[in-house]
Amino acid sequence: MTVTYEDLERHYSKFVSASAMRKKLVTFWLPDPNYSHLEEDDYLKSKETKKDLIPLSLGLPNSGFFPIKSIDLNIVDHPFDNSNDDITNPKNIANITKTNPVEMDLSHVLQYGDTKGLSPLLEFVQDFIKSVGNQPLYDEWDTIIANGSNDSLFKIFETLADENTTVLVEEFSFIPVLSAIYGAGAKAVPTKLKIPVVNKDNFNSNIPYNKHNEGIDVEYLSDMLDNWATGPYKHMAKPTLLYTVTTGQNPTGVSTSMENKQKIIDLAKKHDFIIIEDDPYGYLRLPLFNRSNPNENIYQADDFNSTRYLKDIMIKSYLSLDDDGRVLRLETFSKVFAPGLRLSFIAGNKYIIKQILDYTDVSTRGASSVSQSLVYSTLKTMSQRDNKPMCEAWLDWIIQVAKEYTERRNAVLKTAYESEAFKKGYFSVIEPSAGMFVDFEINFNSLNGEFCDIEGMNRINKYFVKNGLGVVLAYKMALDVELSKDHSTLIRTAISFADEPKDLIEAVNRLNTSCIEFFEKRIK
Ligand SMILES: Cc1ncc(COP(=O)(O)O)c(C=O)c1O
């Protein structure tokens, strides 16, 4: 697709907030444009320019001032690898010194770096996007490194939103995003999700359980946009941004299918909005749970490999369907590497990435080069150890993480479905299709309206706490509790932090006990 930078600027400059337009770096080190016409006089023209410039203009410390000579990284073989092998096997050691790795050595890493990111890492993330088939259908796209997706989001909303902006947000969402939206002065409007629920009645039938049609409710969104001028939000500007947590949604665990992504892209074109695809869990795909073989984990199959993962398991990004630059994709190293790195990246059209770069130039500058080097050196060591290209070695690691999450998910669902409380209908289950959240929906129907759902959730939460179970009451992650009342009794449980699957089994047993006690033994 031929979209030029000028086309992008022409179309997308109207999306850029006035505040971001003002945020351009004021420099003192670039040539003065007022004197750019000055030519060398005849004497200078006749003189050779000295090759070895002594740069007294640069306010950088010499690398001799840095108090670190080298950094040794011990790389593990697989998640939860507690063996000593990583320390004794030189293949698992990444050594960062003043000369190594040549493309990102310590003198550069500890020095001021490019705001956009260190180029070896930027090249890697671009290659990775291409290697998994997520690159857009036009050429003028780019990437920028940021300090975690939270930071990516903050910068995106500062750049694209202001007092006149309405942002569409999934009805349940990663709620801290609202701080970035409101911080930019903008407003958020919820859009409905399809959240398939497994309960004791449909457990064996599979009928209502359509995993292909979960995630954003396209008909609702389409209808809301078509009828904006007469709908409940008519007093607000028509949305210019859609924020979506696409795969393994936080908090519901649902994923939007490719078919629906295409429909949403078509809607974005029709109503001219930008899609902000926040996808921290995208690679952590959980294959469909097999009720007749609950321990099935296809990642464990001997012949499972990255080709099969890409072909049968991974859901591609909105970016892969984007032919005119209206998708911004956010990825983070938080869930597949480590959150303490504070490292993420944004991919999208060159014009908008340039605006975010300008914003970054006057705010955080580049993400920590040390974090960037840590990631890069780890990937390079994995690649050398496994004798595979970097992208493939990294994908192999991601697959191992997804395998571990699948085992955890299996343990949780199996225990839940076998529990007395599920069989009695006290709770239903939302089977996650990716990521780290398994949600349960508490069914208060048998209590005949004794109290409203929200009060019920706060009451039953006391039983959870008493039984030693911490959960998130998902209504606190809803934009409009009234709009989301069909699912206001959801709880979000994260399967990520437990040491082992057996701890998760114990947690589900506690959920079971809490429900039995609450529904059967509570003294009113
Ligand atoms: C949907 C979503 N977006 C962004 C983030 C923040 O990620 P990061 O650690 O990269 O800032 C999270 C973290 O939980 C998340 O769930």
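Predicted model: local features only at pLDDT ≥ 70, side-chain atom pairs only at ≥ 80, totals over all residues.
## Sheet, ligand shell and overall size

Visitor: How many bridges join β10 to β11?
Guide: Strands pair if DSSP finds at least two bridges between them. β10 (residues 327–332) and β11 (residues 344–349) run antiparallel, and the number of bridges joining them is 4.

Visitor: Which strands stand at the edges of the sheet?
Guide: The open sheet has 7 strands with mixed pairing, in the order β3-β11-β10-β9-β8-β4-β5. Two of them have a single partner strand each, so one side of each is left without a neighbour in the sheet. These edge strands are β3 (141–146) and β5 (187–191).

Visitor: How many charged residues does the shell around the ligand have?
Guide: Residues surrounding the ligand include Asn150, Phe174, Asp278 and Ser344. Asp, Glu, Lys and Arg count as charged, Ala, Val, Leu, Ile, Met, Phe, Trp, Tyr, Cys and Pro as nonpolar, and the others, Gly among them, as polar. The shell has 4 nonpolar and 7 polar residues, and its charged count is 1.

Visitor: What share of the chain counts as buried?
Guide: A residue is buried if 20 or more other C-beta atoms, placed from the backbone, lie within 10 Å of its own. Of the 524 residues, the share that counts as buried is 43%.

Note on methods:
Residues numbered from 1 in each chain as written. Near = placed C-beta within 6 Å. Helix = DSSP H or I, 4+ residues; strand = E, 2+ residues; numbered from the N terminus. Buried ≥ 20, exposed ≤ 12 C-beta atoms within 10 Å, placed from the backbone.
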